[in-house]
Every structure is written in C-alpha cells, then in structure tokens.
Amino acid sequence: MIVLANDGIAQSGVTALENAGYKVDLTTVAQDQLIDYINENKVAVLLVRSATTVRKNLIDACPSLKIIGRGGVGMDNIDVEYAREKGLKVINTPAASSHSVAELVFAHLFGMVRFLHDSNRNMPLEGDSKFKDLKKAYAKGVELKGKTLGVLGFGRIGQATAKIALGVGMKVVAFDPFLESADLELDFYDGQSLNFKIDTISKEEVLKQSDFITLHVPAQDEYVISTKEFELMKDKACIVNAARGGVIDEIALVEAIDNGKIAQAALDVFEKEPMPEIQLLMNPNISLTPHIGAATNEAQERIGSELAEQIIAILG
Ligand SMILES: NC(=O)c1ccc[n+]([C@@H]2O[C@H](COP(=O)([O-])OP(=O)(O)OC[C@H]3O[C@@H](n4cnc5c(N)ncnc54)[C@H](O)[C@@H]3O)[C@@H](O)[C@H]2O)c1
C-alpha cells in the first residue's frame, strides 16, 4: 500500500511504515497535479502538513484514498467533515508538538526579560563601538522566578507551558472557559514526579494578576486580547502569542507597547503570514520568530511515529 507524504515526514514515520510493509513516497507533488498522481499510483494514504490542501474535489476524484493524515494540529487545509462523510479516516497528531511550543514560549520569555532579542540586533552593529551604552541599556533585566504567568487557554500547550513555569519557580494562573481545573504532573529525569492541581479563574483575574501572559487558544472569530484586555493588565506586563495570528489585535498591541502599558511582547504567529506588519518586525520591544513553535526535531519525530501508528492501526 502506498503512503504519499506530500509535505514530508520524519524518518521515524518512514521506518515504522516500511517495517509494516507500506511503501512511503516522499515526492512533493504540485497541488494541481495531485489528483492525477494519487490515481496513477493508487495512493491509499495522503499525509500533509500545512502546505498541501485536501478539498472536496480531491476527495471525490481519488477513490483509492482511505486515510488523510495531518502532521500537527490545525486541519484548516482539509475538508475534514466531508472526507469523513465519504468514509475516509482523517487523522492528526494534536499532542506531538505541545512541549516544543511550550519551550519556545520560554525561549521568548527568558530572552525578553534580559533583552536578548534586542541585544542580538544591536551587538553586531554597535557591540564594539558602544559596548558601555548597550550594557547600560540592557542593565534592568528581571528574573522569571517568583513572577506570575497567566495562561489563556489551558489545553495541551497551555498545560505544557504551565509545567515549565512551575519548574522555573513561577506562580501559574489560568483561564479556560471549558475547563475548571487541571492536574499537572511534572516528571523529572530520575523518575520522581510532582503533582499540581490548578483551578482556572476568570479571564479578568488572569489579566489583572499576571506579570507575563501567554496565549494558547484555538483560532477565534474575535480577538482574545485587544485594547480592553491590555487596559486590564498590570503596568509593564509582557505577552506572548505562539497560538494563532488573529488572537491578539496587533494594532492594539503596538499601541499598548508605545504608550508604555505593555513592556514587551513575543510573537511566533501573525495576523498576516507570511508577510507580518513591518511595525511589528521593526519594534525593539517585540521578540520575533517565524511560526516555528512545532518545528523541533523531537516534535517531527513524534509526529512521524504517531501518524505511522495510527495508519497501521487503521489499515493493519
Ligand atoms: N506556534 C506554533 O507553531 C503552534 C504549534 C502547534 C499549535 N499551535 C496553536 O496553539 C493553540 C493551542 O493548541 P493546543 O494543542 O493547546 O489546543 P487545545 O485544544 O489542547 O487547547 C486549547 C484550549 O483553549 C481553550 N479555549 C478555547 N477558547 C478559549 C478562549 N476564548 N479563551 C480561553 N481559552 C479558550 C479550550 O477550551 C482548550 O482547552 C492552537 O491555536 C494551535 O493552533 C501553534
């Protein structure tokens, strides 16, 4: 049986599938040639990430397809309900990248509190001529330990982020309209573990109490954070968005930074991808990454193995 991994798959997935007798095709077929390619090769499983789209016309035109798999979380690029109505299985790997995203949040937080994002911009330019000025500019760092992290959206990634925060010595407060509390188990390298129960509180209280706020909500119709929410926050709070572009109002964010309400922000996702607003890119108080939350070797390996496991469980 042929598995076409059109947007690639980690070696762990290839190995597991080949060991189970599948042929894994790693060709990247152009979107407009995909239907013909699937039919000519009698592809049974189409694996995609975010690049390839799987719409109704493809589902209708490709009778050999049995499974559509998405490496990662969001399935906006697949007509999931339609595929299921037509008897196809649609699978994804929602938990595989949670810890990677959580670590990226902390990379931004640790970086921001010591101005690394800005220092790394200015040291190459002025590190030899204005060393003392830069030293002074970045002298007022703070520690994360002892501060409060507010988590908006307490699902997989929100909880993974909370666990790191607890390990760092932060207090964690969380808001999630669909969750009253969560039991977090912190596992240590030597087999010890610690359990924390976190009861969620109101969004308003999270905004008021937090020194740092991180967003882990799904895509929404409305902004989760806009002017009203920034006003509720502590003065000089910091905010991180590694969830989805469009959950923070970017215009309100730049205003809140410019008027001093918000000290710093970190963005991995943007309202306009792949061309984020220049006002965000040029802002010295914003730590930036180009949507790389899930992009670690470990997450990709887990995605590959989990997809292979699910395919083998369904098709045998
Ligand atoms: N940066 C990246 O590369 C990257 C990678 C993977 C996932 N993500 C994004 O991270 C987000 C979270 O993913 P997850 O796996 O933790 O999802 P999840 O479904 O496990 O958790 C989301 C949580 O948000 C809660 N929620 C929904 N609406 C809310 C609201 N208005 N306010 C507060 N909470 C709300 C839900 O009840 C749920 O518990 C998603 O938007 C996902 O697309 C980003």
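Predicted model: local features only at pLDDT ≥ 70, side-chain atom pairs only at ≥ 80, totals over all residues.

User: Okay, and which residues come nearest to the ligand?
Analyst: There are 23 residues around the ligand, and the nearest are Ile157, Asp176, Val217, Arg244 and Asp268.

User: What about the side chains of Asp176 and Arg244, how far are their N or O atoms from a ligand oxygen?
Analyst: For Asp176, a side-chain N or O atom is 2.6 Å from an oxygen atom of the ligand. For Arg244, the distance from a side-chain N or O atom to a ligand oxygen is 2.9 Å.

User: Switching topic: at what angle do α1 and α13 pack?
Analyst: About 25°, with the axes 6 Å apart; α1 covers residues 11–19 and α13 covers residues 297–315. Angles under 35 degrees count as roughly parallel, so α1 and α13 are roughly parallel to each other.

User: Which residues meet there?
Analyst: From α1, Gln11, Ser12, Gly13, Ala16 and Leu17 meet a set in α13 that includes Gly304, Ala308 and Ile311. By class, this contact of α1 with α13 has five nonpolar, six polar and one charged residues.

User: Got it. Now the backbone: is the peptide bond from Glu273 to Pro274 cis or trans?
Analyst: That bond is cis, with omega near 10°. Most peptide bonds are trans. Pro274 is in the loop between β12 and α12.

User: And what's phi for Lys236?
Analyst: Near 70°, so a positive value in a residue other than glycine, whereas most such residues have a negative phi. Lys236 sits in the loop between α10 and β11.

Methods
Residues numbered from 1 in each chain as written. Heavy atoms only, no water. Axes fitted to C-alpha atoms, helices over the stretch in contact; angles between N-to-C directions. Helix = DSSP H or I, 4+ residues; strand = E, 2+ residues; numbered from the N terminus. Parallel < 35°, antiparallel > 145°, perpendicular 65-115°, else oblique. Contact = heavy atoms within 4.5 Å. Nonpolar A, V, L, I, M, F, W, Y, C, P; charged D, E, K, R; others polar. Near = heavy atom within 4 Å. Polar contact = N/O pair within 3.5 Å; in protein donor to acceptor, adjacent residues only side chain to side chain.
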